[in-house]
Amino acid sequence: NKNMKPIKTMTRGQLVIGSIDLLSRTYIELGQHNVEEETLEVLAESLADDLSRVYKNFYFEDAIKAFSLGVRSPIKGDFIHLNVPTYMKWLRQHIDLIWDARSQVDKGADPKQVLHYRPEPKQLTTNI
């Protein structure tokens, strides 16, 4: 699975293309079809920067799951603005879920029974 690559092993081009794909799918899932290409490109550059800077030790799959859960989370208000604060919140929430799952397994829970658990890439730390 090409999405199970640690973000730090991806080239800038791979990250930007992956970010464009992820953002495009997210806009469609949100029902926001009239997004200008320039908006998408600028946001994809920001996402690629944030992933490579803050989440480089995670898998690209983690970002995909974070966005998927974010889109499906209970909505406060009737419109999700897909912007940097929104996706950073989604990423932080998902990373918390992964760390919580890891903590449960470390305390003896069965990995097969813990939602969001998966073997960790090496050196799981962020710069936050």
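Predicted model: local features only at pLDDT ≥ 70, side-chain atom pairs only at ≥ 80, totals over all residues.
Two packed helices are described by the angle between their axes and the distance between the axes. Helix α1 covers residues 12-29, and helix α2 covers residues 37-54. Their axes come within 8 Å. The crossing angle is roughly 120°. Angles of 65 to 115 degrees count as roughly perpendicular and those over 145 as roughly antiparallel, so α1 is oblique to α2. The crossing of α1 past α2 is right-handed.

The structure holds one cavity of 30 Å³ or more. The volume of the largest cavity is about 30 Å³. Its lining includes the aromatic residues Tyr 55, Phe 58 and Tyr 59. Ile 7, Leu 51, Leu 91 and Ile 95 also line the largest cavity, as do Asp 62 and Ala 63. Two helices, α3 (60-72) and α4, each supply at least two residues of this lining. By class, eight lining residues are nonpolar and one is charged. No polar residue takes part in the lining.

Helix α4 spans residues 84-106 and includes Trp 99. The relative accessible area of Trp 99 is 33%. Buried means under 20% and exposed means over 50%, so Trp 99 is partly exposed. Along the chain, Trp 99 and His 116 are 17 residues apart. Their C-alpha atoms are separated by 9.0 Å.

Terms used:
Residues numbered from 1 in each chain as written. Heavy atoms only, no water. Helix = DSSP H or I, 4+ residues; strand = E, 2+ residues; numbered from the N terminus. Buried < 20%, exposed > 50% of the residue type's maximum accessible area, 1.4 Å probe, protein only. 1 Å grid on protein atoms, 1.4 Å probe; cavity = no way out; pocket = protein on both sides within 12 Å on 5 of 7 lines; lining within 4 Å. Points joined across faces, edges and corners; volume = space filled by probe spheres on them. Nonpolar A, V, L, I, M, F, W, Y, C, P; charged D, E, K, R; others polar. Axes fitted to C-alpha atoms, helices over the stretch in contact; angles between N-to-C directions. Parallel < 35°, antiparallel > 145°, perpendicular 65-115°, else oblique. Left-handed = near helix turned anticlockwise from the far one by under 90°.
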